[in-house]
Amino acid sequence: MNKSFGSILGLFFAFLLIFALYYITSPQYVVSSYWHYLSTGQYKKAEKLTINPIFNLKFSIYTPLEEAFFQRTKLEHKETHIYGNKATITGKMSLPDIAQALDSNQELAVALQRVPLVQRKYTFELQKTKEGWKINSLTFGGE
């Protein structure tokens, strides 16, 4: 009985390891990591996950405006489609209402922290390279 329990436990950990290795190389993991790096000002790490620049960011300065925007923006992945060397990830993005922040009498960074969040659809397109999945583009908009 102990041998069969050990075998089952070993198989469980083997499957867990395979899942973990698959996940950290998946397009969803790349997109989630990219957004995490942007929200924490780690632009150089974010840049390594892209093929082309997506945002025009200064890699040495993390401004209060960028901090207010990226830290309040959250991604909710809905669908992932992989077609050979290309992948698309779609979902909803919750982000500060920029139009309302611009209409505010407060400083923009402060207003971005206080305005309500709006939801927009997003689509990340990724390309498989020698180094793994890399983000090629981001489009967002719509309700």
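Which residue follows H2, and is its phi positive or negative? In this predicted model, helix H2 is followed by Gly-41, and the phi of Gly-41 is positive, near 75°.

H2 has 13 residues and spans 18 Å from its first C-alpha to its last, close to the 18 Å expected at 1.5 Å a residue. Within H2, the buried residues are Pro-27, Val-30, Val-31, Ser-33, Tyr-34, Trp-35, Leu-38 and Ser-39, and the buried residues of this helix pack against helix H3 (43-48), H4, E1, E2, E3 and E4.

The sheet itself is open and is formed by four strands in the order E1-E2-E3-E4, with antiparallel pairing. Strand E1 (74-83) and strand E4 (132-141) stand at its edges, and because each has a single partner strand, one side of each is left without a neighbour in the sheet. Neighbouring strands are turned against each other by 20° on average, direction ignored. Between strand E2 (residues 86-96) and strand E3 (residues 117-129), which run antiparallel, there are 11 bridges, and here Ile-89 stands opposite Phe-124 in E3.

Two helices pack on this sheet. Helix H2 (residues 27-39) touches E1, E2, E3 and E4, and its direction makes about 145° with that of E1, whereas helix H4 (residues 64-72) touches E1, E2 and E3, with a direction that makes about 110° with that of E2.

The largest nonpolar core holds 25 residues, of which Tyr-34, Trp-35, Leu-38, Phe-124, Leu-126 and Ile-135 touch the most other members. The elements that contribute two or more residues to this core are H2, H3, H4, E2, helix H6 (108-114), E3 and E4, and the largest share, five residues, comes from H2. Tyr-34 shows how such contacts are made up: leaving aside its neighbours within four places in sequence, Tyr-34 is in contact with Ala-46, Leu-49, Thr-50, Ile-54, Phe-55, Phe-124 and Ile-135.

The mean pLDDT of the chain is 81, and 78% of its residues reach 70 or more. Confidence is highest in E2, at 92, and lowest in helix H1 (residues 2-23), at a mean of 55. Over residues 19-23 the pLDDT is below 50, and beyond near neighbours in sequence this stretch has one contact in the model.

Definitions and conventions: Residues are numbered from 1 along each chain as its sequence is written. This is a predicted model: local features need pLDDT of at least 70, side-chain atom pairs count only at pLDDT 80 or more; totals for chains, interfaces and linings use all residues. Side-chain values use heavy atoms; hydrogens and water are left out. Two strands pair if DSSP finds at least two bridges between them. Axes are lines fitted to C-alpha atoms, for helices over the stretch in contact, and angles run from 0 to 180 degrees between N-to-C directions. Contact means heavy atoms within 4.5 Å. The expected span of a helix is 1.5 Å times one less than its number of residues. Buried means under 20% relative accessible area, exposed over 50%, partly exposed in between (1.4 Å probe, protein chains only). A nonpolar core is a set of buried Ala, Val, Leu, Ile, Met, Phe, Trp, Tyr and Cys residues joined through side-chain atoms within 4.5 Å. pLDDT is the predictor's confidence in each residue, from 0 to 100.
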